[in-house]
Amino acid sequence: MTDQPNDPREKHPDGFPPQGQEQPGKTEEVEPTPDHGEDSYVGAGRLEGRRALITGGDSGIGRAVAIAFAREGADVAIAHLPEEIDDGDETVRLIAESGGRGVSFAGDIREERFATAIVADTVSQFGGLDILVLNAAYQKDRESIASLETDEFDRVFRTNLYGMIFSAREAVPHLKAGSSIIVTSSIQAFNPSPALVDYAMTKAAQVAFVKALAQELGPKGIRVNAVAPGPIWTPLIPATGWDSSKVEEFGKDTPLGRAGQPAELAGAYVYLASEAASYVSGAVLPVTGGKGL
């Protein structure tokens with residue numbers, strides 16, 4: 001007898017207690033703790049021998065992907081901000097516990113030198129690079145376009161776009177046929193919220209980046225895709241600056257009636273990085289709880 005599938009509406013919490021954090025957000029301060037698949041993800045050797053670099057890999061979606069990749073047989077490097085060192089160390093521990101070699105790099109991908117060095121350092125540590133996950137991002141609640149400060153939207157653009165391009169540009173010469181680049185875009189690219197206008201702009205630009213780069217690199221046998229998450233419970237959410245009612249209701253407007261957990265995205269990244277997706281390039285895979293792109 002096979003186990004019956006879980007009702008997706010009831011698999012995880014459908015509401016959250018009031019809370020807030022300063023950017024960039026710490027996992028230990030999030031209530032309830034996000035599920036990264038620590039106790040649930042089971043690997044099947046789909047990424048055996050691969051070498052991966054994940055930006056923003058210390059927490060949230062990045063940590064879930066790191067765990068899944070390691071359990072699928074990959075070695076995993078992560079990059080994160082210096083103030084996220086505790087989360088980064090925990091993710092490296094989980095990678096090692098999952099059977100992979102893990103390493104972390106602390107710095108800010110807005111800085112070109114760091115965003116490029118993490119590629120060279122990953123190649124040095126692992127002897128090559130096969131999977132690049134461009135996941136690091138910054139968002140903040142905006143009252144209006146009239147009050148949007150220049151240094152704030154500059155931080156969003158430099159994190160979400162400049163850092164992505166710096167690392168991708170450095171990585172491409174190291175990638176061989178069969179390699180994969182995966183960008184974390186967002187439902188905001190297609191269904192933007194006014195309060196996240198600058199973030200949504202960068203996520204739409206990432207879709208254009210993926211589609212253009214897939215055309216450039218396809219003849220070299222390198223695939224480029226994106227995952228577009230909907231509302232996912234990560235430290236970024238209580239650090240966005242929303243009022244308590246918005247945090248409490250986060251994700252309830254999806255057809256499944258709740259926010260997603262990071263672990264529920266990991267399989268999408270594994271699929272796009274694996275041989276199962278060998279003919280998938282230039283795609284944007286939605287993981288949105290049913291919300292349309």
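The structure is a predicted model, in which local features need pLDDT of at least 70 and side-chain atom pairs count only at pLDDT 80 or more, whereas totals for chains, interfaces and linings use all residues. Residues are numbered from 1 along each chain as its sequence is written, and side-chain values use heavy atoms, with hydrogens and water left out.

A pair of aromatic rings is described by the distance of the centres and the angle of the planes. Six aromatic pairs were found in a search of the whole structure, where rings of Phe, Tyr and Trp (its six-membered ring) pair if their centres lie within 6.5 Å, and planes under 30 degrees apart count as stacked, over 60 as edge-to-face and the rest as tilted. One of these pairs, Phe153 with Phe157, is edge-to-face, with 6.4 Å centre to centre and 70 degrees between the planes. Phe153 and Phe157 are separated by about one helical turn because they stand four residues apart in helix α4; helices (H or I, at least four residues) and strands (E, at least two) are DSSP runs, numbered from the N terminus. Phe153 has a relative accessibility of 32% and therefore counts as partly exposed, and Phe157, with a relative accessible area of 24%, is partly exposed. On this scale, buried means under 20% relative accessible area, exposed over 50% and partly exposed in between (1.4 Å probe, protein chains only). Trp242 and Phe250 form a tilted pair, at 6.0 Å centre to centre and 35 degrees between the planes. Both Trp242 and Phe250 are buried.

The largest pocket holds about 990 Å³ of space. On a 1 Å grid over the protein atoms alone, a pocket is an open set of points with protein on both sides within 12 Å along at least five of seven lines, a cavity is a set of points where a 1.4 Å probe fits but cannot get out, and lining residues have an atom within 4 Å of a point. Grid points are joined across faces, edges and corners, and a volume is the space filled by probe spheres set on the points. The largest pocket is lined by 48 residues, of which Gln139, Tyr199, Thr234, Leu236 and Ile237 lie nearest its centre. Two or more lining residues are given by each of α1 (60–71), β2 (75–80), α4 (150–171) and α5 (197–217), and α1 supplies the largest share, three residues. By class, the lining of the largest pocket comprises 19 nonpolar, 19 polar and ten charged residues; Ala, Val, Leu, Ile, Met, Phe, Trp, Tyr, Cys and Pro count as nonpolar, Asp, Glu, Lys and Arg as charged, and the others, Gly among them, as polar.

One cavity of 30 Å³ or more is present in the structure, and the largest cavity contains about 60 Å³ of space. Its lining includes Thr55, Ile109, Asn135, Asn160, Met164 and Gln206. Helix α4 gives the most to this lining, with five residues. The lining of the largest cavity has four nonpolar, eight polar and no charged residues.

Gln139, among the residues nearest the centre of the largest pocket, lies in the loop between β4 (131–134) and α4. Gln139 is buried, at 5% relative accessibility, and its side chain makes a polar contact with the side chain of Thr240 (2.9 Å). A polar contact is a pair of N or O atoms within 3.5 Å; within protein, one must be able to donate a hydrogen and the other to accept it, and residues adjacent in sequence count only if both atoms are side-chain atoms. Gln19 is placed in the segment before β1 (51–55) and counts as buried, at 16% relative accessibility. A polar atom of the Gln19 side chain lies 3.0 Å from the backbone oxygen of Pro17, and the backbone oxygen of Glu31 lies 2.5 Å from a polar atom of the side chain of Gln19.

Two further loop residues are also buried. Ala239, in the loop between β6 (223–229) and α6 (244–248), has a relative accessible area of 0% and is buried. The C-alpha atoms of Ala239 and Phe105 are separated by 22 Å, the residues being 134 apart along the chain. Gly282 lies in the loop between α7 (263–273) and β7 (284–287) and is buried, with a relative accessible area of 15%. Gly282 and Leu217 are 10 Å apart in space, C-alpha to C-alpha, and 65 residues apart in sequence.
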